[in-house]
Amino acid sequence: MGIYTYFGLGIVLGLAIGVYFYADREEKIQKEIALQQKIFSTQKLDKALDKAVDIMKSRITALNRELTEEEKDRIIYDCYVTDDK
């Protein structure tokens, strides 16, 4: 086999190793997210955040602009407090 064959095989092997490590890294990240969600998340928090995201989407569409941090914070707080009652 010529030098170019070995060069091509080296490139293919390098790409395969790169893809493997990338996929492995993504899998570890997904496992970590699932573990943290299991530990820190509650049903009430999930419902409040889902409601807040829906409200933020509708306000962004209605106002046709990005919301400020204060507006976002207020929406999240209101969703959590109203779910609390």
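Start with the aromatic rings: a search of the whole structure finds one aromatic pair. Select Tyr-20 and Phe-21, which form this pair in an edge-to-face arrangement, with 5.4 Å centre to centre and 70° between the planes. Rings of Phe, Tyr and Trp (its six-membered ring) pair if their centres lie within 6.5 Å; planes under 30 degrees apart count as stacked, over 60 as edge-to-face and the rest as tilted. The model on screen is predicted: local features need pLDDT of at least 70 and side-chain atom pairs count only at pLDDT 80 or more, while totals for chains, interfaces and linings use all residues. Residues are numbered from 1 along each chain as its sequence is written, and side-chain values use heavy atoms, with hydrogens and water left out.

Ile-17 lies in helix H1, residues 3–40. Helices (H or I, at least four residues) and strands (E, at least two) are DSSP runs, numbered from the N terminus. Tyr-20 has 54% relative accessibility and so counts as exposed, whereas Ile-17, at 40%, counts as partly exposed. The classes are buried (under 20% relative accessible area), exposed (over 50%) and partly exposed (in between), with a 1.4 Å probe and protein chains only.

Now select Leu-15, also placed in helix H1. Leu-15 counts as exposed because its relative accessibility is 57%. For a distance along the chain, pick the C-alpha atoms of Leu-15 and Ile-33: the two residues are 18 residues apart along the chain, and these atoms are separated by 27 Å.

**Salt bridges**

Six salt bridges are found in a search of the whole structure. The criterion is a side-chain nitrogen of Lys or Arg within 4 Å of a carboxyl oxygen of Asp or Glu. Three of them are visited here.

Select Arg-25 and Glu-26, whose salt bridge has its closest N and O atoms 3.8 Å apart. Arg-25 is partly exposed, with a relative accessible area of 47%, and Glu-26 is partly exposed at 27%.

Next, select Glu-27 and Lys-31, which form a salt bridge with the closest N and O atoms 3.5 Å apart. Both residues lie in helix H1, four residues apart, about one turn of the helix. Glu-27 is partly exposed at 45%, while Lys-31 is exposed at 55%.

Because they are three residues apart in helix H3, Lys-72 and Glu-69 are separated by about one helical turn. Lys-72 counts as partly exposed, with 24% relative accessibility.

**The core between H2 and H3**

Select Ala-52, Met-56, Leu-67, Ile-75 and Cys-79, the five residues of the largest nonpolar core. Helix H2 (43–63) and helix H3 (69–84) each supply at least two residues of this core. Such a core is a set of buried Ala, Val, Leu, Ile, Met, Phe, Trp, Tyr and Cys residues joined through side-chain atoms within 4.5 Å.

Which residues is Ala-52 in contact with, leaving aside its neighbours within four places in sequence? They are Ile-75, Ile-76 and Cys-79. Contact here means heavy atoms within 4.5 Å.

Select Val-53 in helix H2. This residue is partly exposed, with a relative accessible area of 40%.

Go on to Ile-60, found in helix H2 and partly exposed at 28%. Apart from neighbours within four places in sequence, Ile-60 is in contact with Arg-65, Glu-66 and Leu-67. From Ile-60 to Glu-26 the separation is 34 residues in sequence and 31 Å in space, C-alpha to C-alpha.

End at Asn-64, in the loop between H2 and H3. Asn-64 is exposed, with 70% relative accessibility. Check the backbone here: phi of Asn-64 is near 60°, a positive value in a residue other than glycine. Most residues other than glycine have a negative phi.
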